[in-house]
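Have the sequence and the coordinates to hand as you read.

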Amino acid sequence: MTLKTSRRGFLKSAAAAAAVLYVGARPDGALAAGSAPAQLNPFVKIDADGTVTAIVKHFEKGQGPATGLTTLIAEELGVSMEDIQYEFAPSDPSRYANLAFGQFQGTGGSTAIANSFMQYRQAGAAAREMLINAAAKAWGADAGALSIEDGMVTGAGQKAPIADFVAAAAQMEAPAEPRLKDPSEFRLIGNASVRRKDSLPKTNGTAQYAMDLHLPNQMVVVIARSPRMGGLATGFDDADAKAVKGYIRAAVLPNKAGVAVYAEDTWAAFQAREAISVDWDFSAAETRSSDQIREELMAAVNSDPTYNVNGADRAATEALVDGADTVLERTFYFPLLAHAPMEPLTCTIEANEDGGITLHDGAQMPTGPHFAMAEIFQLPMEKIRINTMLAGGSFGRRATPTADYQVEAALAFVLTDRTRPVKLVWSREDDITAGYYRPAVAHKVRIGLDAAGNIAGWDHRVAAQSIIKGTAFEPMLVHNGVDHSSVEGIGDSPYQIPGQHVGLTDIAKATTVLWWRSVGHTHTAYVMETMLDEAAQAAGRDPVEFRLALLKGGTADQQRLAGVLQLAADKGNWGKAPAGRSQGIAVHKSFGSYVAEVVEISGSASDGVKIEKVTCAVDCGLAVNPDVVKAQMEGGIGYGLGHVMRDEITLTDGVVDQSNFPDYEPLRIGDIGAIEVHIMPSAEMPTGAGEPGTPPSAPALANAIAVTGPRVTALPMNQNGVDFV
Amino acid sequence: MALSLKLNGKTHEVDAEPGTPLLWVIRDELKLTGTKFGCGVAACGACTVHLDGEPVRSCQTFVEDVEGAEITTIEGLNSNVAEAVQAAWVELDVVQCGYCQSGQVMSAVGLLTDNPKPTVEEIDDYMNGNACRCATYQRIRAAIQRASDMMEA
């Protein structure tokens with residue numbers, strides 16, 4: 001694949017610039033090219049004119065890797081942020097794998113910066129050393145006397161732009177272990193004044209998302225899907241659709257999951273789909289309602305769990321709880337949730353002249369659709385090209401283990417003569433109704449407190465539809481039957497909780513389910529942090545002090561969690577709420593990061609709650625782009641709060657009740673008064689930022705509401721006793 | 001049917017059936033993709049354009065109803081207010097995924113054109129129909145205030 005890529009690169013650059021010195025691929029797969037542009041390693045490309053391009057292996061859905069990975073290159077290479085651009089890497093896990101995922105290219109688990117931090121710095125540093133060595137040779141100078149700053153090689157009484165040395169550097173071997181800058185030398189990493197690389201095009205309408213692609217002669221395809229999960233199309237009548245101008249034809253998908261409706265443009269496709277009636281076979285379709293799913297989950301947490309998650313003796317825990325002075329017992333229910341990224345799902349497939357195909361996609365996990373395309377089209381991997389475009393949000397939705405929408409597009413393309421590109425477009429209704437939800441989950445917790453108000457035992461049972469079982473990720477993420485994503489954040493929390501038992505029961509999947517921003521932590525943090533709050537209240541102790549007392553084991557994990565808890569409490573004026581306001585606090589570790597949040601509200605559950613202010617403290621190790629980290633906390637908080645306030649997906653007889661934003665109402669600008677984010681200074685390795693802001697937000701709100709109102713144990717809040725103004 | 005649209009200062013002859021949303025003429029026929037499709041039911045504001053200077057949702061505006069009107073998309077913004085709004089947006093790095101931001105900018109320009117010095121309540125009220133799933137609202141609010149200050153300076 002590397003050879004092919006480099007040959008294509010050769011032909012392209014040969015056409016663009018006649019002067020080609022040398023093009024080749026070393027046996028180890030690294031590219032070395034003396035043509036313009038020169039790729040010094042898989043992550044850095046420099047044109048003959050000195051234009052530096054970071055090749056970004058993570059897709060950009062707003063979470064900031066286009067800025068972050070570019071920062072790492074610019075820092076070590078020695079160029080300013082203004083003098084470096086970025087492009088997305090091709091799909092090739094041999095070079096662009098997520099180091100946290102094995103041989104798999106993809107973005108998820110808040111790992112983009114964490115897994116790229118050393119790799120991209122080394123790439124930038126290697127390019128710097130190669131350019132310096134080339135300059136040293138040209139000048140007859142000692143390389144040790146030279147440095148690169150703002151794109152200029154400087155030293156030994158000389159100064160010249162890096163462009164002068166690109167051709168020579170490109171013929172050198174990359175150094176195996178280039179010297180990395182000491183953090184004291186950082187000018188860009190950790191600098192809060194570094195700006196996003198994608199602000200301008202996203203502000204003036206020029207940014208190109210997958211939805212914006214218009215290939216010459218393309219067709220638009222939309223899919224008529226079964227109203228019930230799992231129904232199969234057996235036929236259709238398109239007589240009325242033929243009156244729609246621009247309608248081309250329709251065809252049942254090879255897997256019968258729906259009917260592909262082809263048209264000349266998007267509106268014609270939507271209109272034609274409306275006009276087509278489809279015959280469905282519902283014999284294997286879901287017919288349950290969400291109320292039944294809820295009953296199954298509740299029954300499961302009220303029975304003995306199937307799996308023992310943390311190896312604790314359940315009978316011993318039960319005895320500890322039963323024998324305690326005070327027993328707190330709560331059962332929780334979390335509904336299905338849709339991700340609803342702002343850009344509805346879309347991708348485009350076209351045939352290449354070499355017999356292969358290109359997928360244009362806001363590709364979150366390129367390796368997944370890459371394999372799927374190879375199988376569907378019966379092509380070798382190197383004949384599949386994936387053009388990663390900007391994605392209008394994801395929150396997990398663009399990363400299905402089944403490559404669901406890319407497969408849909410491929411199947412729709414297979415049914416054509418392949419002479420025209422096919423662009424798959426989802427409507428918002430498709431997005432809200434077509435599954436891949438955050439699973440519905442139930443918890444039951446029984447806590448025993450001793451006479452002094454200390455926790456004596458903690459019996460915790462979870463029932464969920466497993467996200468991971470039945471997917472290719474099962475060997476990695478399911479152990480001894482336990483889908484870790486169902487229970488993460490309970491038994492592995494930094495809290496030292498005596499006598500804790502964690503049990504899990506899976507229930508049959510009613511819908512397709514998927515990771516949703518912060519995955520299991522969306523519900524585990526809520527249960528842990530509201531129960532701890534209630535325990536503190538029962539013990540007559542301050543919620544912050546109560547938590548800190550469980551974090552005194554002296555581990556770094558506990559110290560960091562305590563650190564953000566204290567910082568949020570200090571910055572959020574914990575305990576000093578203005579008259580008429582209530583505060584709630586929560587803290588949670590997820591994706592290697594520690595986040596605490598104080599939510600301050602006015603009003604009450606019965607009179608109407610207004611979220612006035614959220615104060616957040618985050619420890620994500622070294623914050624490479626502090627302002628992007630802040631933005632991710634702001635966004636993570638908003639995403640968490642918006643859904644717990646008023647969103648749920650429900651089913652009636654297997655049909656999803658919601659269809660669009662009017663009944664799956666997004667957070668609006670007036671819902672949160674202010675958000676203040678404080679970043680804990682740290683020299684630790686960077687950890688996650690995209691997801692960890694979400695988990696503490698909902699329990700902090702619930703705890704604030706509980707100061708004057710009910711303990712909310714079923715979501716969304718507005719369906720369970722809380723009014724919002 | 002053949003229609004004549006005045007868009008971004010130019011007249012475009014387009015062929016569209018009555019009832020076609022302006023959004024799809026702008027995106028699919030004129031290939032101006034800064035105006036986004038988010039919901040199709042005027043519930044998210046991603047498709048916001050200006051009609052004679054007033055923000056409207058182009059997904060619920062029929063093409064036959066806008067003949068003769070001045071239509072402005074994000075690509076055609078050209079005013080001191082727009083300049084201030086876009087500069088403030090970049091200065092504060094408002095965007096995340098960015099998909100809703102054309103619509104946010106179009107609405108913010110509408111707001112500050114009507115009301116150059118809005119209160120926080122007025123901002124929240126005016127911008128209520130523009131959803132941002134990334135929840136960039138703090139920065140949207142701050143950028144509108146910043147743009148207001150820039151306009152005054």
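A:Phe473 has a relative accessibility of 11% and therefore counts as buried (buried is under 20% relative accessible area, exposed over 50%, partly exposed in between, with a 1.4 Å probe and protein chains only). A:Trp515, at 14% relative accessibility, counts as buried too.

Before going on, some ground rules. This is a predicted model, in which local features need pLDDT of at least 70 and side-chain atom pairs count only at pLDDT 80 or more, while totals for chains, interfaces and linings use all residues. Residues are numbered from 1 along each chain as its sequence is written, chains are lettered from A and ligands numbered from 1 in the order in which they are written, and side-chain values use heavy atoms, with hydrogens and water left out.

**Confidence**

Chain A has an average pLDDT of 94, and 95% of the residues score at least 70 (pLDDT is the predictor's confidence in each residue, from 0 to 100). Residues 1–33 of chain A have a pLDDT below 50; this stretch has 49 contacts in the model beyond near neighbours in sequence (a contact means heavy atoms within 4.5 Å).

**Aromatic pairs**

A pair of aromatic rings is described by the distance of the centres and the angle of the planes. Here rings of Phe, Tyr and Trp (its six-membered ring) pair if their centres lie within 6.5 Å; planes under 30 degrees apart count as stacked, over 60 as edge-to-face and the rest as tilted. Over all chains, that rule gives 16 aromatic pairs.

In one of them, A:Phe43 and A:Tyr120 have ring centres 4.5 Å apart and planes at 45 degrees, so this pair is tilted. Its partners are 77 residues apart and link distant parts of the chain: A:Phe43 sits in the loop between β3 (38–41) and β4 (44–46) of chain A, and A:Tyr120 in helix α4 (residues 112–139) of chain A. Helices (H or I, at least four residues) and strands (E, at least two) are DSSP runs, numbered from the N terminus. A:Phe43 counts as buried at 6% relative accessibility, and A:Tyr120 does at 0%.

The rings of A:Phe473 and A:Trp515 have centres 5.4 Å apart and planes at 85 degrees, so this pair is edge-to-face. A:Phe473 lies in the loop between β22 (455–464) and α13 (474–477) of chain A, and A:Trp515 in the loop between β25 (500–506) and α15 (521–538) of chain A, so the pair ties together parts 42 residues apart in sequence. A:Phe43 and A:Tyr120 also belong to an aromatic cluster with A:Tyr96.

**Empty space**

Rolling a probe the size of a water molecule over the atoms shows where empty space is left. On a 1 Å grid over the protein atoms alone, a cavity is a set of points where a 1.4 Å probe fits but cannot get out, and a pocket is an open set with protein on both sides within 12 Å along at least five of seven lines; lining residues have an atom within 4 Å of a point. Grid points are joined across faces, edges and corners, and a volume is the space filled by probe spheres set on the points. There are 5 cavities of 30 Å³ or more.

| Space | Volume | Lining by class |
|---|---|---|
| Largest pocket | about 1,300 Å³ | 26 nonpolar, 13 polar, 10 charged residues |
| Largest cavity | about 120 Å³ | 10 nonpolar, 4 polar, 2 charged residues |
| Second largest cavity | about 60 Å³ | 8 nonpolar, 7 polar, 1 charged residues |

In these classes Ala, Val, Leu, Ile, Met, Phe, Trp, Tyr, Cys and Pro count as nonpolar, Asp, Glu, Lys and Arg as charged, and the others, Gly among them, as polar.

The largest pocket is lined by 49 residues, with A:Arg225, A:Ser226, A:Asp430, A:Thr433 and A:Ala434 nearest its centre. α7(A) provides the largest share of that lining, 5 residues. For the largest cavity, α18(A) gives the most to the lining, with 3 residues. In the second largest cavity, α14 (484–487) and α15 of chain A each supply at least two lining residues.

**A covered helix in chain B**

Of the 8 residues in helix α1 (residues 22–29) of chain B, 7 are buried. Their cover includes α7 (266–275) of chain A, along with β1 (2–7), β2 (10–15), β3 (48–51) and β5 (70–72) of chain B. After α1(B) comes B:Lys31, with a positive phi near 60 degrees.
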